[in-house]
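My notes follow in the order I made them.

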Amino acid sequence: MKTFKPLVHGVLITAALAATVVAPPSAAATAEAAAPATALVFDKNPKAPGDSRLLVYRNGKLHAAFRAGSGYGSQGTNDCAVGKGWIPNGNWRIKLKDTRYNGRLIKGYAVWLENMPCSTKRATRTEMFIHSEMNRDGSRGKTEARRWDGASDYRSNGCVKLNPTDIAKMFRLLNRIGWPTHLRVTA
């Protein structure tokens with residue numbers, strides 16, 4: 001125990017300081033505190049990239065699973081094939097989420113992800129989103145790029161793509177339970 005005697009306004013004060021011993025937290029408590037309350041996971045399906053799953057977890061419990069796709073063509077599972085291959089594995093920071101996004105190619109519901117290098121580091125994947133095919137207001141468009149026609153529309157240039165109904169459901173759910181800061185991509 002240490003004693004010090006500072007002068008406060010000319011009055012001598014004596015204070016005792018005792019060292020406090022705090023037990024370290026358990027491993028489970030540390031893991032729970034470090035884990036985000038809401039997690040968004042894209043689980044790639046190597047056998048059928050257009051039949052992958054976008055999963056929403058809250059406190060470790062699965063809340064929703066949506067069919068999603070990423071990539072297309074013969075380069076569909078090559079994460080370094082810019083404009084063709086699927087999204088690389090990793091933790092993608094969410095930069096923006098918008099229900100009325102107005103990009104050149106992507107309109108309506110969109111989640112914009114950070115740039116990230118592919119698995120071999122030979123290319124950086126940019127302009128990556130979670131999105132669908134729709135008009136800016138969420139309605140069905142007249143052109144193929146704005147009109148969801150079916151299973152073939154799960155193909156993308158690398159983005160994670162959901163059908164319009166599912167992306168709207170995902171936004172409503174995450175607005176209610178809380179948005180994660182990252183999308184985790186696994187295969």
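Helices (H or I, at least four residues) and strands (E, at least two) are DSSP runs, numbered from the N terminus. I also noted that buried means under 20% relative accessible area, exposed over 50%, and partly exposed in between, with a 1.4 Å probe and protein chains only.

**Entry 1. Ground rules.** This is a predicted model, in which local features need pLDDT of at least 70 and side-chain atom pairs count only at pLDDT 80 or more, while totals for chains, interfaces and linings use all residues. Residues are numbered from 1 along each chain as its sequence is written, and side-chain values use heavy atoms, with hydrogens and water left out.

**Entry 2. The chain as a whole.** I counted two helices and 14 strands in the protein chain. Of its 187 residues, 38% are buried. Among contacts with a separation of 6 or more, 53% are between residues 24 or more positions apart. The exposed surface comes to about 11,000 Å², with 53% of it from carbon and sulfur atoms; the areas are from the Shrake-Rupley method with a 1.4 Å probe, and for residues only the protein chains shown count as cover.

**Entry 3. Helix H2.** I checked the length of H2 (residues 164-177) first. The expected span is 1.5 Å times one less than the number of residues. For the 14 residues of H2 that gives 20 Å, and the end C-alpha atoms are 20 Å apart, which agrees.

At the start of H2, a side-chain oxygen of Asn163 comes to within 3.0 Å of the backbone nitrogen of Thr165. I call this a polar contact: a pair of N or O atoms within 3.5 Å, where within protein one must be able to donate a hydrogen and the other to accept it, and residues adjacent in sequence count only if both atoms are side-chain atoms. After H2 comes Gly178, with a positive phi near 110°.

Which residues of H2 are buried? They are Asp166, Ile167, Ala168, Met170, Phe171, Leu173, Leu174 and Ile177. Their cover includes strands S5 (38-43), S6 (52-58), S7 (61-68), S8 (90-102), S9 (107-113) and S12 (128-131).

**Entry 4. The sheet.** I traced an open sheet of eight strands with mixed pairing, in the order S7-S6-S5-S14-S8-S9-S12-S13. S7 and S13 (160-161) are the edge strands with a single partner each, so one side of each has no neighbour in the sheet. Two strands count as paired if DSSP finds at least two bridges between them.

S5 and S6 run antiparallel, joined by six bridges; Thr38 has Arg58 of S6 as its bridge partner. S6 and S7 are also antiparallel, over seven bridges. There Arg58 partners Lys61 of S7, and Leu55 partners Ala65. The hairpin of S6 and S7 has two residues between the strands, and Asn59 in this hairpin has a positive phi near 50°.

**Entry 5. The cores.** A nonpolar core here is a set of buried Ala, Val, Leu, Ile, Met, Phe, Trp, Tyr and Cys residues joined through side-chain atoms within 4.5 Å. The largest has 29 residues, and Leu54, Ile130, Met170 and Leu183 have the most contacts inside it. S5, S6, S7, S8, S9, S12, H2 and S14 (182-186) each give two or more residues to this core. H2 gives the most, seven residues. A second, separate core of five residues includes Tyr101, Ile106, Ala110 and Cys159.

I then looked at Ile130. Beyond four places in sequence, Ile130 touches residues including Leu40, Leu54, Val111, Ile167, Met170 and Leu183.

Entry 6. Is Lys161 buried or exposed? At 7% relative accessibility, Lys161 counts as buried. Lys161 sits in strand S13. A polar atom of its side chain lies 3.0 Å from the backbone oxygen of Asp153, and the side chain also reaches the backbone oxygen of Arg155 at 3.1 Å.

Lys121 is exposed, with a relative accessible area of 61%. I found Lys121 in the loop between S10 (116-117) and S11 (124-125), with a positive phi near 65°.

**Entry 7. One more phi.** Glu127, in the loop between S11 and S12, has a positive phi of about 55° although it is not a glycine.

Technical notes. Contact means heavy atoms within 4.5 Å.
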